[in-house]
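I opened the model to look up a loop residue, a helix pairing and the nonpolar cores, and I kept these entries as I went.

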Amino acid sequence: MTTTTFTSRAEARLAVARHVADAVLFEGYVLYPYRASAAKNRLRWQFGVLVPPSWTAAAAEHDVQHTELLMEPRRDATLFVEVRFLHAQRRTVQRVLPDGGFETVRELPLKDRVLVPWDEGREERVRLAVDADELARTGAVVPFTRPAAEETEPVRDATGAVVGRLVRRREEIDGVLRLSASPLDGPYATQRLRVVVENTSDWLPEDGAGRDAALPRSLVATHTLLHLDSGQFLSLTDPPQWAAGAVAACRNLHTWPVPAGEPGSRDLVLSSPIILEDHPAIAPESPGALYDATEIDEILALRTAALTDEEKREARGTDDRAAAVIDLTESMPAEMLERLHGAVRSLREVATPGGSALRSPAPDVPGFGTGAGASGVFGEDGFVRQETPWWDPGADASVDPARDHVLVDGREVRAGSRVVLRPGPRHSDAQDLFVAGRRALVEAVLHDVDGGVHIAVTLEDDPGADIRREQGRYLYFQPDEVGVVEGEEIP
């Protein structure tokens, strides 16, 4: 039996996988600095794009995703399938004319935002529930269509008066979802499951048409969620030994399936155009969607908070999701931001001097060690409790970042000194090119556990310097990478 009706349990299980799938769906949707005018936001939709068949010859993109993996359904098991993608819709901006008509414009300034043309992503789903036994006998083919449409939304100013409108246009998309399963040879009740998602739109590009013309007719960020209500899927990354050969024969094109949900669960799969590890998860510290998952939440939050008011106005007018990012970073309490700075997730077994084992963080994790000034005791749970951690500035009275100094060109440099940045001797950071020759304020002189000296600075002309200072997020240079500003008095 094939149906689109999902049980409440299936809905609940897919919701677990959908948390991570949302990050896939909106990966790269809008990038920092979240403005349509930013160069990085002019070439969009990079992952899971299934273009019309007529366009595959014109570009190195594809019209099909092919997923294969192994499953072990029990008797009367039902397979629930949900294909998700974005349907790109063109948004144009119009202002109202004195005669009541409308005129298309490049921007429409309002008090809190600046509206600009933009391609929005409308979430679409294709859902199917099919009996696993039926799937092995006859398979399933589900054609789907998303029709062309046009919608308008009035734009009002602070007084409520209509000053313009947004016009959204979508092109028709046709596709098909194909499912099949075949039993493997051997004593196990294992089947090879195939899930194929294909763009079947018959659109023909005009001469000179570019990628922008194909995108509104494409399935964007396409991925598939699978749930087996009775039985399990096998991991392609870590299969049982007996299934290694069958797993190696699985054919996956432009997508990769991994177990989803809680570690150890085997009833969920996310087949993603971005290669993920088994049981991927969103970090619990993450404050919300930032739509730029290839970056770190902490960096994005700090950089977004440093945007000018005018840049934030444009971001708010670019997209509702970009506006939500601005609101999120502006309302984020210091405690939440501090949580983004880092977390230790993996522990390992190590031997104590007495021969027993205890759990300890890996030795290369900052913040744990047995350096000078460190002492600790074993707790009842087997963890080491550091009484005076070596990373605590108060643990070693011989160092004081606020008062210590280092000699540069024969002169003392300490907190409050002004220096010229001259990075380059080690060529260790490409961003050194952007700060070379700029003046900076020394915030602290730091000594590491290996005896090295580091000068923490903020750029003098950085509008976000106060934020970096408040959060302790500095740029670091070694003494041979700075020069003393001539005529500068030592503080």
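I began with A243, which I found in the loop between β14 (231-233) and α4 (244-248); helices (H or I, at least four residues) and strands (E, at least two) are DSSP runs, numbered from the N terminus. The model is predicted, so local features need pLDDT of at least 70 and side-chain atom pairs count only at pLDDT 80 or more, while totals for chains, interfaces and linings use all residues. Residues are numbered from 1 along each chain as its sequence is written, and side-chain values use heavy atoms, with hydrogens and water left out.

Is A243 buried or exposed? I noted that A243 counts as buried because its relative accessibility is 0%, where buried means under 20% relative accessible area, exposed over 50% and partly exposed in between (1.4 Å probe, protein chains only). Leaving aside residues up to four places away in sequence, A243 touches L70 and L234, a contact being heavy atoms within 4.5 Å. I also found T190 at 9.3 Å from A243, C-alpha to C-alpha, although the two are 53 residues apart in sequence.

Next I turned to the nonpolar cores, each a set of buried Ala, Val, Leu, Ile, Met, Phe, Trp, Tyr and Cys residues joined through side-chain atoms within 4.5 Å. The largest has 36 residues, and L79, L135, L177, L179, L193, L226 and F233 touch the most other members. I listed the contacts of F233, again not counting residues up to four places away in sequence, and they include L69, L70, M71, L79, L193 and L226, as well as R266 and D267. Another core, of 35 residues, lies apart from the largest one and has W45, V220, Y291 and L302 among its members.

How do the axes of α6 and α7 cross? They come within 6 Å and cross at roughly 135°, the axes being lines fitted to C-alpha atoms, for helices over the stretch in contact, with angles from 0 to 180 degrees between N-to-C directions. I therefore recorded α6 and α7 as oblique to each other, since angles under 35 degrees count as roughly parallel, over 145 as roughly antiparallel, 65 to 115 as roughly perpendicular and the rest as oblique. In this contact K312, A315 and R316 of α6 meet A322, A323, I326, D327 and E330 of α7.
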